[in-house]
Amino acid sequence: RVHGGVDSGHNDIMRVVLLFVFCTLLVVCSAAKGVNAKADRAWRERKIECERTKCRSFDYDINPSCTDECASPNCYKNVYAAQPLEDGEVDTLRRRDYTACVRNEERKRPKQSDIAVDVEDLPS
């Protein structure tokens, strides 16, 4: 069948291909977001613990350095140590670098299930 000079069978194939591409992108984006969500949740937990303990006398919105250094000393050193933020300063580029570092650090952390040791494997 030809409608308006275009083969409708060709249109059907294009629709299927576009639907497949869309679904694939949706799955890939969802998977990436899930990985970041786990890392972000773990970082938030460390951040909250730092705010309750070591950094309780600092306001994170004015001076996030204490909490950031406490939550991830390695990432803080890599991103901020050479030139720490001033009170109230916002540096979006370095914040992105810090966030990416924390996420990568969290992904490399062994899971609790990986740390578990079988009692039979322990020396007597």
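Is Tyr98 buried or exposed? Tyr98 is buried, because its relative accessibility is 0%; buried means under 20% relative accessible area, exposed over 50%, partly exposed in between, with a 1.4 Å probe and protein chains only.

Some notes on the model. This is a predicted model, where local features need pLDDT of at least 70 and side-chain atom pairs count only at pLDDT 80 or more, while totals for chains, interfaces and linings use all residues. Residues are numbered from 1 along each chain as its sequence is written, and side-chain values use heavy atoms, with hydrogens and water left out.

Now the disulfides, a disulfide being a pair of cysteine sulfur atoms within 2.5 Å. There are three. In sequence order of the bonded cysteines, the pairing is 1-4, 2-3, 5-6.

Take Cys50 and Cys70, with sulfur atoms 2.0 Å apart. The S-S torsion is about -80°, so this disulfide is left-handed. Cys50 is in helix H1 and Cys70 in helix H2 (residues 65-71), so the bond ties together parts 20 residues apart in sequence; helices are DSSP runs (H or I, at least four residues), numbered from the N terminus. Cys50 is buried at 4% relative accessible area, whereas Cys70 is partly exposed at 23%.

Next, Cys55 is joined to Cys66, S to S 2.0 Å. Cys55 sits in the loop between H1 and H2, and Cys66 in helix H2. Both cysteines, Cys55 and Cys66, are buried.

Last, Cys75 and Cys101 have their sulfur atoms 2.1 Å apart. With -85° about the S-S bond, the Cys75 and Cys101 link is left-handed.

How values were computed:
Helix = DSSP H or I, 4+ residues; strand = E, 2+ residues; numbered from the N terminus.
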